[in-house]
Amino acid sequence: MKGCQRLSRDAWICLALVASMQCLSMLDRNILAILNPRIKADLHIGDAEMGLLYGTVFALFYAVFSLPLGRLADGWRRGWLLAICIALWSLATALAGFASGFALLAVSRLGVGIGEAAGQPAGTSLVFDYFPKHRRGLALAVMAALLAAGLGLSSVLGGMAADGWDHAFAGHAAPLGLKGWQFAFVLAALPGVPLALLLLLMREPVRGLSDGIVSRVDPAPFRASLDVLIAVLPLGVWWTLARRGAGRGAIVRNPLALIAIVVAMVGIAHLCAWLSPRPPLHLLGLTIDPHALQWTIVGIGGYVVVNFLQSLRLADAPTHAVIMGSPALWLCLIVGSLQTTINYGVMGFTPAFLMKTWHLSAGDVGVKFGLLSAVIGMIGPMLSGPLSDFFAARAGAGGRVGLVVLALGLSPFVAMAVYTAPDPTAFYLRFTLYSVILTMWLPPLYAVLYEQVLPRMRGQTAALYILLMTILGLGIGPYWVGMVADRLHGNLGLAILSVNALAPVIVVLLLVLWRRAERDAAAALGRAQAAGEPV
């Protein structure tokens, strides 16, 4: 009994630290949005450059580095990995506070993207090794709630810190010559220091003990992580395939896949340019077509997925067999990525919708919408997490999926009421319900996803999900809404609603998942053993 109490205490400490990490990562990632107008005015850069900083630069490095860091999370001490990565992204966030031009801001966003790439793989893996299956919905609810809190607090902290600093030093020199937006970046970076120290001291649990499948000690996690990084990069993948003795068929399929991706991206870019013609971007002396840039990034993400799966088959056959042999896992990945496309599209343009529709100030929207997003966004996961545990105890994984179907089936209808509200008061009242529903899917779907693989495979599974979710969600969601708004001559409300066209596809995929989730999870161990897993 004493051992159980000690484990329970360690579990809650782990959850508190990982959830705090999630909150801080979202705060540091999103604070750029509320500081956007000040940065543009001070550094004389345009919306195109700000879009690259907020989306493209961050998303590309965040997505690509999640794969090698996810592999490292599957073999090394996860608390130490998180501590190092928090220190890195906090330093990068503080670096933005001393930026005097686009280049240093880009370096800062690059560093934040790389540092945060380990957060979900290592954090989820840690929590699952402390919490048994019947309590994971609650644990994931806390993590999702703190993500929502970080998103909302980024607007509140960024706006208040920048306004307060500029007001306090109006008319005379500020310390270190910092402007309000620069001070906000420095302030946002500070909590990372004590959090990193606490994670260094956290006890590492036995990997797989809570599932009854204790993993072997990884003899060379850093070498394996470096191999993954090399293998997912262009040219590096061909060297990896040749070095590992891949057959001629595998080597030929890779460039064929690349050609298919290039052709598809060129076609989609031309289609989007026809639907919504945009002026070229002028960046660092180059003239760039915005649609070409958009779909180049998406194409790179698709090619990285191909490279990762090809190299995984050679480097870790059991993990490849489990991932590729589970339709339920891929349904979870696709559903989560498509729904994230909706979420990013909605949240990326809602503040602009409020300001444009009712002529509200940025400060008013930042505080009200930021606080609402933080508080209400925590309620959905905290409701659905325990509820999904309750349903799972009675109907297995299908019980969790049923809750996701209910939430995501209702959300488009609530969205219609929200974005046709007659005034700000009605909007905020309706958005309260919408925000709860729109965040309920996270804990149950994540619980189903990570139960489709063995414990030692959760870091790489999380990394694969991050790659797909980032490229589709952050990469396409805001772009979709912006393109439709341009096509509709600035009608942001209708443009935001348009992204809900994905909802029927999501519901159909969830109904298929409902039937497969339990069966595919039960078969994971057998697939791994058949591929050589020594369990």
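1. Val375, Ile379, Leu383, Leu387, Phe390 and Phe391 together form a nonpolar patch on the surface, with about 490 Å² of accessible area (Shrake-Rupley method, 1.4 Å probe, only the protein chains shown counting as cover for residues; patch members have over 30% relative accessible area and no salt bridge, with nonpolar side chains joined within 5 Å and like charges within 9 Å; a salt bridge is a side-chain nitrogen of Lys or Arg within 4 Å of a carboxyl oxygen of Asp or Glu).

2. This is a predicted model, in which local features need pLDDT of at least 70 and side-chain atom pairs count only at pLDDT 80 or more, while totals for chains, interfaces and linings use all residues. Residues are numbered from 1 along each chain as its sequence is written, and side-chain values use heavy atoms, leaving out hydrogens and water.

3. Phe390, one of the patch residues, lies in helix α15, residues 362-395 (a DSSP run of H or I, at least four residues, numbered from the N terminus). Phe390 counts as partly exposed because its relative accessibility is 41% (buried is under 20%, exposed over 50%, partly exposed in between).

4. In the largest nonpolar core, which has 143 residues, Tyr419, Phe427, Tyr434, Leu510 and Leu513 touch the most other members (buried Ala, Val, Leu, Ile, Met, Phe, Trp, Tyr and Cys joined through side-chain atoms within 4.5 Å). Helix α19, residues 458-487, supplies the largest share of this core, with 16 residues. A second, separate core of 20 residues includes Leu27, Leu32, Ala161 and Trp181.

5. Phe427 touches Thr350, Phe353, Leu354, Trp358, Val418, Tyr419 and Ala421, residues up to four places away in sequence not being counted (contact means heavy atoms within 4.5 Å).

6. Asp227 lies in helix α9, residues 221-232, and counts as buried because its relative accessibility is 18%. With residues up to four places away in sequence again left out, Asp227 touches Arg243 and Arg244.

Key
Helices (H or I, at least four residues) and strands (E, at least two) are DSSP runs, numbered from the N terminus. Buried means under 20% relative accessible area, exposed over 50%, partly exposed in between (1.4 Å probe, protein chains only).
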